[in-house]
Each structure stands twice: as C-alpha cells, then as structure tokens.
Protein chains: 2
Amino acid sequence: MRPQKIIEAKRDGAELTREQIDSFIEGVCDDSWADYQTAALLMAMFTRGLSQAEQDALTYAMLHSGVILDLSGIEGPKVDKHSTGGVGDKTSLVIAPIVAACGGTVPMISGRGLGHTGGTLDKLESIPGYNVNLSCEGFREVLKMCGYAMSGQTSDIAPADKKLYALRDATATVPYLPLIVSSIMSKKLAEGLDALVLDVKSGSGAFMKREGDARDLAAAMVRTGEAFGVKTQAIISNMAQPLGAFVGNALEVYECVRILQGETEPAWRDTAELSFELAAHMLVLSDLSGGMDKARSRVEEAVNSGEALAKFSKNCELQGGDPKVCEKPERVFEESLVRVPIKAPAPGYISGVDALAIGDGVVALGGGRLKAEDDVDHAVGFRCDVKVGEEVREGDLLGEIYCRTDEQGATVLAAFQTAYTITPEPVVASILIIDVI
Amino acid sequence: MRPQKIIEAKRDGAELTREQIDSFIEGVCDDSWADYQTAALLMAMFTRGLSQAEQDALTYAMLHSGVILDLSGIEGPKVDKHSTGGVGDKTSLVIAPIVAACGGTVPMISGRGLGHTGGTLDKLESIPGYNVNLSCEGFREVLKMCGYAMSGQTSDIAPADKKLYALRDATATVPYLPLIVSSIMSKKLAEGLDALVLDVKSGSGAFMKREGDARDLAAAMVRTGEAFGVKTQAIISNMAQPLGAFVGNALEVYECVRILQGETEPAWRDTAELSFELAAHMLVLSDLSGGMDKARSRVEEAVNSGEALAKFSKNCELQGGDPKVCEKPERVFEESLVRVPIKAPAPGYISGVDALAIGDGVVALGGGRLKAEDDVDHAVGFRCDVKVGEEVREGDLLGEIYCRTDEQGATVLAAFQTAYTITPEPVVASILIIDVI
C-alpha cells in the first residue's frame, strides 16, 4: 500500500482499515514511510479524528511492533501502575516495593522526565550505581528475585511509539486522545500484565489541565485495557499543587524512603496516601486482597513491618544501587547545596501552590530537561512546606529552593515565590483523589 | 516563532497571521523547519482550510522567497501564458513566437513533464542542442534579442515552492485550491509580468478532472493575479481528449513547427485554434491589440507572413538549438522508430479518446516520467488521427504508436486501443474552449 493512498483516505475523513493501519505502523518501523509522510498522517488523524475501531487497531499495531514481555515462570499476578505524570509525583518508588511485598509481580517500565514533569528513571539514577538499563533477561531476573524491577523502555518494546512520539512532539499532534491512549497503552500492554492501575492527573502540573479531559482519558484507557484482556482501573488525582514535600530527583528518593521507613510528616502525607491507595487498588484488581479495606490494611502492614523497605533494599542491590540509602536516605543529598527560603509575604490562607510554576522552576535549576537529550542535575530541587488551605503568618517558611549557588537561587526566586497565592479568607484544602473509574 | 506554535494554531482552525506565514516560509527556505513539520502544517492547512487573506499571504511569502525577474530595459509589455498541463498540450511553442512577433515580451519559465502530463522543457530538448538552463543574465539576453525566452525554473525563483511541492506530492496534499494557486502564481508572478493568460484544462487528461474544479481554480488564479497587480485572464479548455495530432516530445515539436509554417491539417486544427486564441488574449490583455477580432487577425498574419516562424528560428539559434528544424521539422524524428497502427474494431462514431490513457501510454513507452528524476525518451509517442465526433469504418486508422521495437509496441497496444470508444449513434464533436474567465 502506498503511503499517499492511506494519508489521502484519512485526509478525506475515511475510517482506516486494520490493514491500512498495520501497513502504516510497519512502514514507520521499517522506514519505508518517510517522517514527513508519518507527520502528515498524524495531523490528518488529529484533525479528522479516529474511531474506536481505528484507535484499537492502532494500539494493537503499535503493541505488536515490538516484543511482549514473556513473564511465564515468574510467580504472582503481574500488575503495574502508570501515572500520566506530574510535579513531585514519585509514587512508583513507594508502590512497587509495597505490592511486591504483598505478593504481586510489578514489571515497571518507566520513562525520563520532560518539561515540568519528572521521570522515574531520573529519580532512580540519583541512587549511586542504580542501573535503569536492564536487558530483557536482566529485567526478568530482578523481577524473579524481588518481585519488582524498574527499567527504561528498551528498543524492543513498542518501537513504533518511540518514533511516533518524537514526531508528535515536533508537529503539535500530542494532545489528541486516541493518539495518547495508543501511545501509553501499547507500552503498558507490552509488559504482559494481568492488571493495571492508572493514575490520571488533573490540574496545572498535569498533562491534562482540565478534569473533564482527565476523565475522558481515564475512561478511554480503562476501556482499552479491558478490550485487550487486562483488568484496568483508573484514579483521577489532583495535580493543581505538587505532590508531597519534595520536587527534584534525589530529594524525591529521600521522601520515598522516609515513607517506606514509616515516617509520617504532614508535608508528604499526600504522597503516602495516594501511593497506599493506588497500591491497594492493585492488590484488589489482581486478586491479592478481598476488598479495599483489607487491601489498605495489608499495604500499611507491609510498610510498618519493614517488608516494603526490605524489597526496596533488595531491588537496589539487584539493580546495582547502593542499598545504604535505605538506612540513611539523606545520603542521596549533596551537602554542598545552598538553600534559599521562600517566605509568606503576608498573613492569610494558602489558596494556590502552582504545580506548573514549581515544576518549571526546578527545570530552570537544571533538575529537569527541556529537550530529551539534555542532562539533569539530580541534586537540585524544591521543598514545599505548606499546602492549599493552610494558614500562614507573614514571614512563615513556605518552602526552600535547593540549588548550587546563591546566584542560581536568585535567578529563580521570583518564579517560586509567585507560585504561592495567599488570600485573607479561609480556603478549603484540596481533594487529593478526585474519583475512581 | 516556534514551528509547533504555528502548526498548533492551524491545527485548531485559527487564521494564520502574515507574520506566521512569513515565518513558516522563511523556515522552509533556511531549513529551520524540519520536513515533517512542514508536512504537518500542509496537512493542517488542507483539512482546516485557508482564508483568502492566508492564501494571498502564502503566495506573497513564496514569491518573495526568491528573486523577481528584473526586465527593466527590455521593451514591450511583459506577458506570459501558463497552462495547468495536459496530454499533447504544446501551445507554448506556438504562442511565444507569435506574441513576440506581435511586439510582446514573453519571459516563459516552464517545467518538465510528470506523470501523464508533458512538459515544455522536455519538448524543447528534443531539438538538438537546445539549452533550457539559462542563467538570469542569459535569459534577459535572449529575451532582448528575440522577444521570448524559454527556461527552467532556477533555484532563485520561488525556492519555497520547490520544497513544498515535493512534500505535497509525497503527503497527499496536492489537490487543495489555495495551495495550488499559491504554487502556480508565486512562480508566474516572479516573472515580473504585466499580463498573464491562464489555460486551465478540464477533463480526464487534466489535473482538474471536473469542470467545476477547473472553473474554481481559474477564478482563484485570476483574482490572485489581479490582487498582485498583473492583468490576468483565464480560459477553460477541454482536456478530455488529447490536444492536436501528436503526443510525445519530438513529435509535438514537429506539430508546432508545421503550424508555424502555416500548414493546416485537421488533426492539429485544435492545437492551432487554442494557441491562436490564447495568443490573441495575450495581445489584448497587454494592450498590443484593440480587441479580440483584431488580435486574432494579427496572430494569423504573424503566422502566415512567416514572422512567427522567424522568431522561433531566432530563439533556437540564441538558445543553442539547431534552427534547421524550422525548415525541415521532420529532422527531430528518429527514422528508426517502429510504427504500430491502432485500428477501429467496429464502424461507428468516436465517443471518447481518453487523454489520460494516451498520456499514460506514452509514459509507458518511456516518453514521460513517473518520478522527477527519471530520464525521458524524446523520440517515442503517439499520433491521434481521429477526434470525438468523427465517423469511422471498421479497420480505419485511429492513430499510430511511435516506439522503439515491435515488442515494445505490443506491450502498450491494448492501452492505446482501449483509449478509444466507438458508439453506433452519431456523437457531437467536443467543444475546445469551454469558457473565458
């Protein structure tokens, strides 16, 4: 099939057949489609729309453009969590060891941060020696030995998505639901899962700014997961303000280990709550627990007993990371960092902590990347001390910038300061989990 | 301006500003826009549409992406003809010397054949030695010395169009009126004209198969020409059957010289009629003649007096071609060609001579090209002996294939044979000039 004929059909609003979509994805993978032809079809898909059947065919073709992990011979239900990304969103590092401790097998393939949203791989790499580039065999081995493994997407997994995503990013064709769903789900389905829990973020720091869009995406992904034989559930969670106390790679690892140590601090209560809730859903969905109440108790027991932290430590060891981080999580900090405080300019109630502004501020410090090929400074970041709804006095500490020099701190100070809004009237605290779908 | 922002605006149906369109065309020329970004914007333009203002801004930006010919110091009104292309469409070679003989200056920049439609440059190159790659200075010189010059598009003229056209061809974004208009008109306006006559073809052998589409294109180009200060007129002419007697490069040159010699043969009466009519419109539009009747007489006088042929001869000489072709036009033929006759399988009236089928047949002989980089065999082609409406007896000669070997003739015989349809009932002859706009 000539690319032009397929492009022409979609250009004129026709529904593409499974054969046409297969031919497209094959052509993307074997380079018989030029990038400009792929870009033209993506734009035609965006502007003319894709039906449910086309979306499923695209997901199927992208999934089968690569390998599907063969996890046979590894015990326990295969279950994963996927988040659409946010600021301070570090739940994977808490959830995976908990679910593994409760008998689940978590084959977690993650990405790197881009723009204001962080990435699990970057966070893990702030643990000295931690290797996120496992081979398929190495991934299976780690999974078998400790119940969870964390790795980057190899070139074997949904290679079509890698190419399509790069082109979509450059051609303004990212924000279209069927393309988003096929991109996320083709990668997740390649993990050979029994169950999948999705954390769809909504708010300024999320990909989906509006709750309605987040709900649509959640519903579409749940439908697709189920259509492909994977038990799927989605949570809509709030990303108007950053999650937890810390934003920044090493700082977030610190927060996660402290949670796994059973430390309860108000500033990261939301991280713990969302992580525990997602983990409980994973247990229920994969029949490891009889209901949400029991599942939630089991999750907390796994943390309080130290089982989850032991899994984390074991995983560190297996993936080459220094397990001493589990005893002294402050080891991931660099002592030489300069801290610049952000103080309340007036008394009142916190009415907003803009997640996008804080995420962008950390990128400006070098803690995130604007382009995929940029390097990341794992040490720098930000600590949020107050959340929406809290009362503050003038001069109270709202948070602290962790940066390399005073000069660097000065250049980003205003950006962090304006992320906070304070009103004289009391403000209701934000809901963390908006809905379960 | 980031390409993504401009693509996004058109993707969402916004009207692009002049600044955005300028930035796009600049980016195409300096390669700061990747081909896939250009392709995505072209598809967004196609599916979301372009307003009149956007179309004019695009034409303007493409025109000014290169040089505009400076023809100051050359006498006479600058006037050109442009055809949208067809099968056997050779009028440029007849028109340019006639208009030059009548006092016009014709700076004709032409293209090569692609697919079933022929190209003026290929026809000219069948004259031994004829050079179609003139420099700007050489082009001016020829124009000054004989009133017309014929050359290919240099890289200086509307370079944006060259890139855009190649991408449109590969991404199914050719058939959209505003893109067609901006492509054609940016090149024609670069000739620095006072007047322009357009020959918009309609029918199976034309780019616009349907008369309504041809009318829309004609109207849009006339409007654009006038908006840019060039007196513009369009003719809609019939391209359901091939024009004239011959299809094939050298064969078409033969036909043109015979017409300029004043030879009147029924088989090329339509070529002469369309050429004379277009030439007369050019004279009227550029104030070289007082009205169509007078202009038409002047045209015929230029032919009958031998003035037009003398211009042709002079131009040949100036552009390196062998002027002896004017005395003995059969010199361009290759004597070794094999002729394969097409005969009427039944008595009746010719109801169709499918221009597309005949054009494709000549391409199959090697007389045209499928890809821009293909070579062309200038000698081969086809002679059409009968036109729609003519009565034939069984076994009458309908035409002849001019090919290299009997074997080659055998492979294309059926294609030429099925181009002709014969019905028992009388058929009205086709109208050649459908309308003047």
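Predicted model: local features only at pLDDT ≥ 70, side-chain atom pairs only at ≥ 80, totals over all residues.
The same surface serves both copies, since 100% of the contact residues of chain B recur in chain A.

The contact between the chains takes 21 residues from chain B and 21 residues from chain A. About 1800 Å² is buried between chain B and chain A, and 70% of this area is on carbon and sulfur atoms. Of the area that chain B buries against chain A, 32% is supplied by Arg11(B), Tyr36(B) and Met43(B), more than by any other three residues. The number of salt bridges between chain B and chain A is zero.

Within chain A, the assignment gives domain 1 (3-49), domain 2 (79-330) and domain 3 (334-423). The C-alpha centres of domain 2 and domain 3 of chain A are 24 Å apart. Each of these two domains of chain A gives 26 residues to the contact between them. Domain 2 and domain 3 of chain A bury about 1900 Å² between them, with 56% of it on carbon and sulfur atoms. Two salt bridges are found across the interface of domain 2 and domain 3 of chain A. Elsewhere in the description of side chains, Asp270(A) and Lys387(A) meet in a salt bridge, with an N to O distance of 2.8 Å.

The largest nonpolar core has 120 residues, and those with the most contacts inside it are Ile98(A), Phe312(A), Ile358(A), Phe382(A), Ile401(A), Phe416(A) and Tyr420(A). Helix 12 of chain A (residues 269-285) gives the most to this core, namely nine residues. At least three residues of the core come from each of domain 2 and domain 3 of chain A. Another core, of 119 residues, lies apart from it and includes Leu283(B), Val325(B), Ile342(B) and Ile358(B). In soluble globular proteins, nonpolar side chains tend to be buried together.

Neighbours within four places in sequence aside, Ile401(A) is in contact with Val338(A), Arg339(A), Val340(A), Ile342(A), Leu365(A), Gly381(A), Phe382(A), Gly409(A), Val412(A), Leu413(A) and Phe416(A).

Ala96(A) is found in helix 5 of chain A (residues 91-101). Ala96(A) is buried because its relative accessible area is 0%, under the limit of 20%. Beyond four places in sequence, Ala96(A) is in contact with Val106(A), Met108(A), Tyr148(A) and Met150(A). In chain B, Ala214(B) has its place in helix 10 (residues 211-227), and at 0% relative accessibility this alanine counts as buried. Residues up to four places away not being counted, Ala214(B) touches Val200(B), Lys201(B), Ser202(B), Met208(B) and Ile236(B).

Helix 15 of chain B (residues 355-364) is mostly covered, with seven of its ten residues buried. The buried residues of this helix are Ala355(B), Ala357(B), Ile358(B), Gly359(B), Gly361(B), Val362(B) and Val363(B). Their cover includes strand 6 (246-247), strand 8 (348-353), strand 9 (381-384), helix 16 (406-417) and strand 12 (420-423) of chain B. Helix 15 of chain B is followed by Gly366(B), which has a positive phi, near 100°.

Positive phi values also occur at two aspartates. Most residues other than glycine have a negative phi. Asp287(A), although not a glycine, has a positive phi of about 60°. Asp287(A) lies in the loop between helix 12 and helix 13 (292-304) of chain A and counts as exposed at 58% relative accessibility. In chain B, Asp31(B) has a positive phi of about 65° although it is not a glycine. The place of Asp31(B) is in the loop between helix 2 (18-29) and helix 3 (35-48) of chain B, and this aspartate is exposed, with a relative accessible area of 53%.

Note on methods:
Residues numbered from 1 in each chain as written. Chains lettered and ligands numbered in written order. Heavy atoms only, no water. Core = buried A, V, L, I, M, F, W, Y, C linked by side-chain atoms within 4.5 Å. Buried < 20%, exposed > 50% of the residue type's maximum accessible area, 1.4 Å probe, protein only. Helix = DSSP H or I, 4+ residues; strand = E, 2+ residues; numbered from the N terminus. Domains from an automatic or database assignment. Contact = heavy atoms within 4.5 Å. Buried area = accessible area lost by both parts, 1.4 Å probe. Salt bridge = Lys/Arg side-chain N within 4 Å of Asp/Glu carboxyl O.
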